[in-house]
Amino acid sequence: MNKKNFYITTPIYYVNDVPHIGHAYTTLACDVLARYKRARGYDVFFLTGTDEHGQKVEKAAQANGETPLELADRVMQRFAALWKKLNIANTDFIRTTQQRHKDGVQKIFSKIEASGDIYLGYYEDWYCTPCETFWTETNLIEGCCPDCGRPTDKLKEESYFFRMSKYQQQLIDHIEAHPEFIQPRSRRNEVLSFVREGLRDLSISRTSFSWGIPVPGNDKHIIYVWFDALNNYITALGYPEDKDGNFEKFWPASVHVIGKDILRFHTVYWPTFLMAAGLPLPEKVFAHGWWTVEGKKMSKSLQNVVEPNMLVDKYGIDPIRYFLLREVPFGLDGDFSHSSLIHRINSDLANDLGNLISRSTAMVNKYFAGILPPAYAATEFDQKFIDQFPEKLALIDQQMNGLAFNKALVSIWELVRSANKYIDDTAPWALAKDKELHQQLGGVMYNLLEAMRIIGLLVSPFMPDTGASIMEILGQDKDNLTLDGQDQWGGLTAGIAIEKAKPMFPRIVED
Ligand code: MSP
C-alpha cells in the first residue's frame with residue numbers, strides 16, 4: 001500500500017538573531033505534528049532551516065566585524081544545536097546560502113521572467129530596513145514603518161518587479177474556494193480584505209547591497225530576500241530538477257506553520273509566486289500567535305528574552321515541550337511566566353500523569369508481584385471507562401489535524417484524570433482485602449496499565465522521552481511507537497513484567 005504523504009515546514013529563521021522561545025515554539029509545534037502524523041502511518045517530510053541573506057544579516061555581520069557567511073555559520077549552529085536539544089526530529093535543514101537553494105531560486109526567477117511576469121522598472125518608495133519592506137506614503141504612521149514604528153528612508157532604484165497585480169482575482173478565488181487554506185479563520189478574513197483592496201506589483205530585487213542571490217544575467221541586482229526565502233519550501237525538495245523525487249512526492253505542502261507577523265508573505269506573495277511558476281499552492285498556512293514574557297513584549301532592549309537552552313537545563317525537555325503547547329491555544333497570543341510553567345509542571349505532570357504512572361505500577365507490583373494480570377471487565381463501570389478511549393482518540397485526531405494542540409492535550413489529560421479517578425472509584429486497596437475479588441482486582445490493574453499504554457502513545461509526539469519511558473515500564477518496543485492499529489484497546493498481553501516506575505516529574509518548588 002502506498003503511504004500517505006505529509007509535508008510540514010517551519011519558517012526559516014533569520015541568523016541576525018539568536019534563537020528564543022518564539023522560534024522554539026514554531027519548531028516544536030511542527031515537530032509534534034510531524035511525530036503525530038508519522039505515528040499515524042504517514043510518510044512525513046519535516047523541513048526547517050535558516051534565512052541567511054539580506055541587508056539585515058549583512059549589517060549585523062558588519063557590526064560584529066565578520067563576513068555575513070561567518071555570522072550565518074555561527075548562528076545556524078545555534079539553531080541546529082537547539083533543535084537537537086529540544087528533541088526536534090526534522091527531515092532536512094535548509095540554509096539559503098546552500099548551492100541547491102541558490103540554483104533553485106535563480107531558475108525559478110528565470111522561469112517567471114521568461115513567462116513575462118517579471119520585468120525591469122524603477123522603484124520609488126519608503127523603505128523600512130529592519131522589516132525589509134517598502135511602504136507607500138499613505139501606509140506610514142508619522143513617517144515611520146506601520147509594522148515596527150521605526151523611521152523609513154525614501155529610496156529610488158532600478159528594480160525588477162513581479163506582476164503580483166495580475167494574480168489578485170485568482171488569489172481571491174482560491175482563498176474563497178478553500179476555506180482551510182488560511183487558518184485560523186480570523187487571519188483568512190484579514191488577508192481577504194487586504195487582497196480585495198488591490199495588489200500592486202512587487203519589487204523583487206535590490207541594488208543597494210550585495211549579500212544575496214544575484215538576479216540571473218544581471219548581477220547588479222540581488223533577489224529580494226522574501227522571494228529568496230519563500231522558495232526554500234520547494235528548493236529543499238529538489239525543485240526544479242527533482243532528482244530524488246521529493247518534490248513530486250511532497251509538494252504541495254500539507255501545512256506551512258508560521259507566526260502571525262509573516263502572514264502576508266505566506267498568503268499573498270508566496271501563492272502568487274507559485275501561480276506565476278505554474279505550481280500548486282500549499283494546502284494550509286497556519287499562523288500562530290506571539291509570546292510575551294511576564295506581560296511584556298520580548299526584546300533585547302528589555303533584556304527579557306527567554307532563552308530555551310536555559311529553560312531546558314532547569315526544567316527538562318519534555319516539561320518545556322508540554323508547557324509551550326498546552327498553555328496557549330495555537331493561533332492566539334500567550335504570555336510566558338515562570339510561575340505558570342511551574343504550576344503546569346506540578347499539577348499536570350507531577351500530580352496527574354506522574355501519579356497515575358507511579359500508583360498503577362506500584363499496585364501491580366504490590367498485588368501481582370509485577371506481573372500483569374489478565375483483562376477482566378467486571379462491571380458496567382469498568383466498561384464505561386474502557387469505552388471512552390476510542391471516542392477520545394477520534395476527537396484527538398481531529399484536534400491534531402486542526403493544529404489545536406492545547407485542545408488535544410486537554411483531551412489527553414481528560415483520559416489521565418479519568419484513569420486517576422478510576423483508581424479512586426474502584427479502590428483497589430479494598431478489593432485486595434477480599435480473596436474472591438482477586439480476578440476483579442486484576443481486571444482493574446489491566447485496565448489501568450492499558451490506559452497508561454494508550455496515554456503513553458498519545459503523549460509521545462508532545463513528550464517523546466516520556467512516551468518512551470512509559471513504553472519501557474510496560475515492556476513495549478519504545479523505538480517503534482505507532483498509533484496505527486496500536487491505539488485499539490487491549491494491546492497489552494497478560495503475563496508481562498511491569499516495572500515499578502520511579503517518579504518521573506519531580507515537583508518544583510518556586511524560588
Ligand atoms: N526569516 C523570516 C521567515 C522566512 S520564511 C520563508 C522570519 N524569521 S524570524 O526568525 O524573524 O522569525 C521566525 C518565526 O519566529 C516567525 O514565525 C515568528 O512569528 C516567530 N517568532 C518570533 N518571535 C516570536 C514570539 N515572541 N512569539 C512567537 N513567535 C515568534 O520571519
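The dialogue below goes through several assignments in this predicted model and the criteria behind them.

Colleague: What conventions apply to the residue numbers and to the values in this model?

Modeller: Residues are numbered from 1 along each chain as its sequence is written, and side-chain values use heavy atoms, with hydrogens and water left out. Because the model is predicted, local features need pLDDT of at least 70 and side-chain atom pairs count only at pLDDT 80 or more, whereas totals for chains, interfaces and linings use all residues.

Colleague: Why is Ser360 called buried?

Modeller: Buried means under 20% relative accessible area, exposed over 50%, and partly exposed in between, with a 1.4 Å probe and protein chains only; Ser360 has a relative accessible area of 0%, so Ser360 is buried. Ser360 sits in helix α13 (residues 338-368), where helices are DSSP runs of H or I with at least four residues and strands are runs of E with at least two, numbered from the N terminus.

Colleague: Which residues does Ser360 touch, not counting those up to four places away in sequence?

Modeller: Contact means heavy atoms within 4.5 Å, and with that exclusion Ser360 touches Ile423, Met445, Leu448, Leu449 and Met452.

Colleague: Why does Arg453 count as buried?

Modeller: The relative accessibility of Arg453 is 4%, so Arg453 counts as buried. Arg453 lies in helix α17 (residues 438-459), and, leaving aside neighbours within four places in sequence, Arg453 is in contact with residues including Met471, Leu474 and Gln486.

Colleague: What lies 3.1 Å from a polar atom of the side chain of Arg453?

Modeller: The backbone oxygen of Gln488 does. A polar contact is a pair of N or O atoms within 3.5 Å; within protein, one must be able to donate a hydrogen and the other to accept it, and residues adjacent in sequence count only if both atoms are side-chain atoms.

Colleague: What makes a residue part of the group around the ligand, and which come nearest?

Modeller: A residue is near a molecule or strand if one of its heavy atoms lies within 4 Å of it, and of the 23 residues around the ligand, Ile12, Asp51, Gly259, Asp261 and Trp291 come nearest. By class, the shell has 13 nonpolar, eight polar and two charged residues, where Ala, Val, Leu, Ile, Met, Phe, Trp, Tyr, Cys and Pro count as nonpolar, Asp, Glu, Lys and Arg as charged, and the others, Gly among them, as polar. The largest share of this shell, three residues, comes from α7.

Colleague: Which backbone atoms lie 2.8 Å from a nitrogen atom of the ligand?

Modeller: A backbone N or O atom of Ile12 lies at that distance, while a polar backbone atom of Tyr14 is 3.2 Å from an oxygen atom of the ligand.

Colleague: Why is the pair of Tyr119 and Phe161 called stacked?

Modeller: A search of the whole structure finds 35 aromatic pairs. Rings of Phe, Tyr and Trp (its six-membered ring) pair if their centres lie within 6.5 Å, and planes under 30 degrees apart count as stacked, over 60 as edge-to-face and the rest as tilted. The centres of Tyr119 and Phe161 are 5.6 Å apart and their planes stand at 15°, so the pair is stacked. Tyr119 lies in strand β5 and Phe161 in strand β7 (residues 153-162), so the pair ties together parts that are 42 residues apart in sequence.
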